[in-house]
Amino acid sequence: MKPTHRLREAIDALYSRGAATSESYTRLLLQCVRSNDVVQAKRLHTHMDLYLYQPNDTFLQNRLLHLYGKYGNLSDARDLFDKMPRRDIFSWNAMLAAYSKSGKVEDLRAVFDQMSAHDAVSYNTTRLIVWYPCMVIAGFSGNGCSNQALEFFVRMQEEGFEPTDYTHVSALHACSQLLDIMWGKQIHGRIVATSLGENIFVWNALTNLYAKCGALDQARWLFDRMIHKNVVSWNSMISGYLQNGQPETCIELFCEMQSLGLKPDQVTVSNILSAYFQCGHIDEACKTFSEIKEKDKICWTTMIVGCAQNGKEEDALLLFRKMLLENVGPDSFTISSVVSSCARLASLCQGQVVHGKAVILGVDNDLLVSSALVDMYSKCGETAYAWFVFKWMSTRNVVSWNSMIVGYAQNGKDLEALALYEEMLHENLKPDNITFVGVLSACMHAGLVERGEGYFHSISKIHGMSPTFDHYSCLINLLGRAGYMDKAVDLINSMTFEPNCLIWSTLLSICRIRCDVNNGEMAARHLFELDPHNAGPYIMLSNIYAACGRWKDVASVRSLMKNNKIKKFAAYSWIEIDSQVHKFIAEDRTHSETEQIYEELNRLIKKLQESGFTPDTNLVLHDVVEEEKLVSISYHSEKLALAFWLIKKPHGRTPIRIMKNIRVCGDCHVFMKFVCKIIGRPIILRDMNRFHHFVEGRCSCKDIW
């Protein structure tokens, strides 16, 4: 029979017999303590109260207090403590430790103040009295109440008590949390003056303080002079380099640590994984991660976040699944990173699964997770779901508002985006740069020139910020699309800083839409100088020439690309069906179901032509005969993706979702409007600029994209 079963049976027998002796209670309680069985200890305590047992000393009650505190039974501990006729140093110690461990800092302080009132009467041993403020300082520091920890550190000395090494460690930890290097230097000076600097914990705390505050030279000076370094010492220095943007040095130090035969812990590994990702060494990170036998939540999260931030979203989702299979519980930071990966992939199905997991884990109302969910649903074209999450958020910050404002702007709900911005101002929240990207984008899509200019000027005049390249790009786009090309060029010339690639690319894209050769050539020349190996400007300039019928100039640009060995990037579309991603390029015949796809698409084209649709071959920017133009424009990647979706999901009312890596062409845009009306199903197409919601023959972009 297991000891726990025997203990339970012994207490069961006690209840059947009635009152018990002091020896029985002591023996059974010590068994509870040894087996850490707080449930049976509580039953034993209840039996004592039932038979009005009062021990002659505090031994039994202190053991109960300690056990209750250890397992977070604070109400039972407090109830017992308040009923104790006598309390000794161990009683107070147990209550302070219980509140400190549970993070109940206000109760911790209250117990300390209550105890301090009679220290001089009750105790005459200075060493024991010093222990209380030390424990309180450690409790405050360990629970994020750094200011209160330092307040007690000062109070302790004012009342004549000398700090110990461990008091200094707690105080230095508080300084590290506050990034208060001046306070830390004062404590450092005191440590040196009182010769309390030989303790390895003190050295580690000092190294950690200077490293966290960015004083890496001072941290390294201390680190190099440590005689007996432990893993914590190395971690403090490694994390210091990582936090201060020196991942290469962080990796070098890790290699040195390994060469000395020191075994890294989970903290070390997490820092090194982050360093590898910051340096772009993804393979090294994966190799290191695979060598870890016991991976904790921090290691898993570091890998997931690293993959997500380095364009490896699919890997991030795969790691998340493996993490769950390993029964490692994700936290809100893990969930938010996975949701962000789903957003970048525009994977609604995966995002909804992760949302469900967040609900199960009880973190769906976390601010970080909720904001990520709003962003994810917006980037999947589901603004109704995004609004539902946003509406029920208990607290919102500027990130939450930005996610919803930008989400509305990207999905053709421009007036809703602007209304939400005004509501945000009424909530007395200060907008940031991303807020104005969403606001100006909404104005651009809605063609609200005067309102857009007003918002642009408010960035500096009302909100005290300087417009960024993104803000200038939005306003240039707005002015150019509205036909104010001269104002757009004047705005560029009036910029207080040198225009970058984004500015000239924006102007060039407008020139392509408006067939403005002169300004297009000017923008292209700047881009050729700033980013000579980018194919985009060459292609856009070539398209401007082609649209104007200047085929010699088209040939000249293509010859220039060939001479400079510049390769054109592939345009493609993709869809997700039953958790499988299918990718297509124009005139693609590599798919396993190519024959059925082309058969379905040709059937669809014929049906559309009967309804009045005519392919716009003028958009084919090649000097070829009409038949070749018709073939070229009929089999664009998004049309092939649409045909495949209809083969696999011929019935239903749910939206058809298509993603494309470049701007959708005018012919495909008209094609989608016809299709959605004929088949009676909404189509959501996300291109590089925005979402297009096609419903009943109309698009949410109002033909401005």
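Reader: How much accessible surface does the protein chain have, and what share belongs to carbon and sulfur atoms?

Author: The accessible surface comes to about 34,400 Å², and 53% of it belongs to carbon and sulfur atoms. Such areas come from the Shrake-Rupley method with a 1.4 Å probe; for residues, only the protein chains shown count as cover. This is a predicted model: local features need pLDDT of at least 70, side-chain atom pairs count only at pLDDT 80 or more, and totals for chains, interfaces and linings use all residues. Residues are numbered from 1 along each chain as its sequence is written, and side-chain values use heavy atoms, leaving out hydrogens and water.

Reader: Why is S24 called buried?

Author: Its relative accessible area is 17%. Buried means under 20%, exposed over 50%, partly exposed in between (1.4 Å probe, protein chains only). So S24 counts as buried. Across the protein chain, buried residues make up 49% of the 705 residues.

Reader: What makes the link between S24 and T21 a polar contact?

Author: The two side chains make the contact at 3.1 Å. The rule asks for a pair of N or O atoms within 3.5 Å; within protein, one must be able to donate a hydrogen and the other to accept it, and residues adjacent in sequence count only if both atoms are side-chain atoms.

Reader: Which helix holds S24?

Author: S24 lies in helix α2, residues 22–34. The protein chain has 38 helices and six strands. Helices (H or I, at least four residues) and strands (E, at least two) are DSSP runs, numbered from the N terminus.
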